[in-house]
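The report that follows describes one protein chain and its fold. The sequence and the model come first, and the description comes after them.

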Amino acid sequence: MSTTTTTAQPLLEVRGVTMRFGGLTAVNNVDLTVGTGEIIGLIGPNGAGKTTFFNCLTGLYVPTEGTVKYRDRVLPPKPHLVTQAGIARTFQNIRLFANMTVLENVLVGRHTRTKEGLLSALIRGPGYQRAEAESREKAMALLEFTGLAAKADHLARNLPYGEQRKLEIARALASEPGLLLLDEPTAGMNPQETRAAEELVFAIRDRGIAILVIEHDMRFIFNLCDRTAVLVQGQKIVEGDRETVQGDERVITAYLGAPLESAPEAGAAPAAVASVPAPAPAPDEATAPAAAASQAGEPTAEPDAAQAAEPADESDPATENEQSTETEE
Ligand SMILES: Nc1ncnc2c1ncn2[C@@H]1O[C@H](COP(=O)(O)OP(=O)(O)OP(=O)(O)O)[C@@H](O)[C@H]1O
Ligand SMILES: [Mg+2]
């Protein structure tokens, strides 16, 4: 059974979004609704089009077809305007200002919410100083919220991998979004960090922020999400609650390549879906950003891209099966 209905008030309404790259249709006629207060999951095998779909929602790509509405308004396909409208995101391959402090990274995330312009910043008048003090206060509060306050003065590059992911979330929250898009927030985390990330997502939702999350960790997805949509080869094949998704043979086939020999019982399907490999084992501090940076599907059109965490080590065994389609500008 597939459903796109939501009882909550629609916040994000995606209709018929298609993204073609030459002959490849990466996202094919996808509808999705996210309501106020919802946590919605987006799953699918590697290369299914999940990140491309996020890029279509956030203005990094202009969809070939379809519309994306947020709070009943069609979104302009420009990342900063999408952020301004109220949608923030994190990236599959972590993008932090590696040589800036943790606090500074969060302050960067606030720029769409501060009115002080460049001239004001240069003059550093009372208005600017007031705004800056307020921004620092809000940024510190977010670091408290995400458990990073003690590391406010550390360079982002020196954070362990799990904390870099949390910092990306703190930076996204700094833009005061109504909807947060998370692209594989637990990739590379150990089990404890993953459980803590679940708590953080619930806490974010409790602040009134809706969440759309891509993950390969099925336990994480099904613990958190009100509904989950499954993308396969660009198409949404099913959407629904845990039972609906886990019991759908098309989902099992998509992950395992063929139906199971013996027809799965209701209780057997979850094991099959849960057997999807995680994208990367928990890496250590030195290799983690590199592992993340080699994952596919993300253009680096944003201003912070040039200063993102260390470039990928293509020989890293954790990532050698990943394809990289990054387009440095
Ligand atoms: N800029 C691009 N140009 C050409 N092809 C692209 C581009 N971005 C993505 N693709 C292709 O679109 C398809 C979907 O990729 P995408 O990164 O969205 O998948 P994904 O579901 O996020 O996979 P993963 O789980 O591995 O992150 C892939 O075949 C990918 O190679
Ligand atoms: Mg992806």
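## Strands, helices and confidence

Within strand β2, Leu32 is the bridge partner of Val14. Helices and strands are DSSP runs numbered from the N terminus, with at least four residues (H or I) for a helix and at least two (E) for a strand. This is a predicted model, in which local features need pLDDT of at least 70, side-chain atom pairs count only at pLDDT 80 or more, and totals for chains, interfaces and linings use all residues. Residues are numbered from 1 along each chain as its sequence is written, while chains are lettered from A and ligands numbered from 1 in the order in which they are written.

The protein chain contains 12 helices and 10 strands. Of its 329 residues, 44% are buried, a term that requires 20 or more other C-beta atoms within 10 Å of the residue's own, whereas 12 or fewer make a residue exposed and counts in between make it partly exposed, with C-beta atoms placed from the backbone. Two residues are in contact if their C-beta atoms, placed in that way, lie within 7 Å; among contacts between residues at least 6 apart in sequence, 69% join residues at least 24 apart.

Strands β1 (residues 10-21) and β2 (residues 24-35) run antiparallel and are joined by 8 bridges. Their hairpin has 2 residues between the strands, and Gly22 there takes a positive phi near 55°. Two strands are said to pair if DSSP finds at least two bridges between them. An open sheet of 4 strands has the order β2-β1-β4-β5 with antiparallel pairing, and its edge strands, β2 and β5 (73-74), each pair on one side only. Strand β4 (residues 65-70) pairs with β5 in the antiparallel sense over 2 bridges, and the bridge partner of Tyr70 in β5 is Arg73.

Most residues other than glycine have a negative phi.

Asp72 is exposed, because 8 other C-beta atoms lie within 10 Å, and Glu176 is partly exposed, because 15 other C-beta atoms lie within 10 Å.

Helix α3 (residues 102-109) is mostly covered, with 6 of its 8 residues buried, namely Val102, Leu103, Asn105, Val106, Leu107 and Gly109. Helices α5 (126-146) and α6 (161-173) are included in what covers these buried residues. The axes of α3 and α6 are 7 Å apart, and the two helices pack at an angle of about 35°, where axes are lines fitted to C-alpha atoms over the stretch in contact and angles run from 0 to 180 degrees between N-to-C directions. In this contact, Val102, Asn105, Val106, Val108 and Gly109 of α3 meet Leu167, Ala170, Arg171 and Ala172 of α6. By class, the contact has 6 nonpolar, 2 polar and 1 charged residues, where Ala, Val, Leu, Ile, Met, Phe, Trp, Tyr, Cys and Pro count as nonpolar, Asp, Glu, Lys and Arg as charged, and the others, Gly among them, as polar.

The chain averages a pLDDT of 79, and 73% of the residues score at least 70, pLDDT being the predictor's confidence in each residue from 0 to 100. Over residues 1-5 the pLDDT is below 50, and this stretch has 11 contacts in the model beyond near neighbours in sequence. Over residues 262-272 pLDDT stays under 50, and the model has 11 contacts beyond four places in sequence for them.
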